[in-house]
Amino acid sequence: DNEHALTDMTDMPSFAQEKESDAKKMHAKRDKQMNADLGLRGWENKKVRGFLTCYNCGKRRCLYTKTVEDWDGAVNTVKQVIESLGHRYSCGDLLFDGDHPLSKVVVQKQSLTCESTIEIGYYNPSNAGDRVLRAKDICVHCGETGPTDFLLRLPQLREKNMTEGWHMLPTCVNCIAAGKKRIKKSGKKNEFQAQKEKRAKAVAARSST
């Protein structure tokens, strides 16, 4: 028998993809359970106390605690851990593993990858009093920021009839040109805005024919 003819199945692309899929499912399940255990209410923005920046993709990823008091008690340890990592955080990494006493105090989404969009929780609540942390607007797809002719916030998206009446998150012109979809923030649909955009699109369609 030629031992060199044997194939290590762990090197096969299909095996690697299967392992990656299993890991994603496990991380998503963990995130769902953590959200329920800590009462994060769908990882809402009011529970975001800080963020990390991925050294690979440059996207900001949120740090959540159940209460402000929990964050105040843990923030110095968080800073120490980040410094010990040399600020080399990557999407999906956890600052505290399951055995650490802060693993269920300061939490993150483990299911995130560099391909994931910015968490909705990152963006500032409508009521400024609901959160101490104030985050600057960034593109929900790539994480870039910039002036209003590059990064389209809600007013610019409405002006360009690109919201369909929903509160859409900031999106840069590059991601729009690349065909990336707008992403909704929570909230009710503005029917007046939706009808306004619908009429404007109908007029533009007639003008182009």
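1. Basis. In this predicted model, local features need pLDDT of at least 70 and side-chain atom pairs count only at pLDDT 80 or more, while totals for chains, interfaces and linings use all residues. Residues are numbered from 1 along each chain as its sequence is written, and side-chain values use heavy atoms, with hydrogens and water left out.

2. Fold. The chain holds five helices and four strands, in the order α-β-β-α-β-α-β-α-α from the N terminus. Helices (H or I, at least four residues) and strands (E, at least two) are DSSP runs, numbered from the N terminus.

3. Burial. Of the 209 residues in the chain, 37% are buried. Buried means under 20% relative accessible area, exposed over 50%, and partly exposed in between (1.4 Å probe, protein chains only).

4. Salt bridges. The whole structure contains four salt bridges, each defined as a side-chain nitrogen of Lys or Arg within 4 Å of a carboxyl oxygen of Asp or Glu. One of them joins D31 and R30 at 2.8 Å, N to O; D31 is buried at 4% relative accessibility, and R30 is buried at 19%.

5. R41 and E44. These side chains form a salt bridge at 3.8 Å, N to O. R41 is exposed at 63%, whereas E44 is buried at 15%.

6. D137 and R153. The closest N and O atoms of this salt bridge are 3.3 Å apart. D137 lies in the loop between helix 2 (68-84) and strand 3 (151-152), and R153 in the loop between strand 3 and helix 3 (154-159). D137 is partly exposed at 29%; R153 is buried at 18%.
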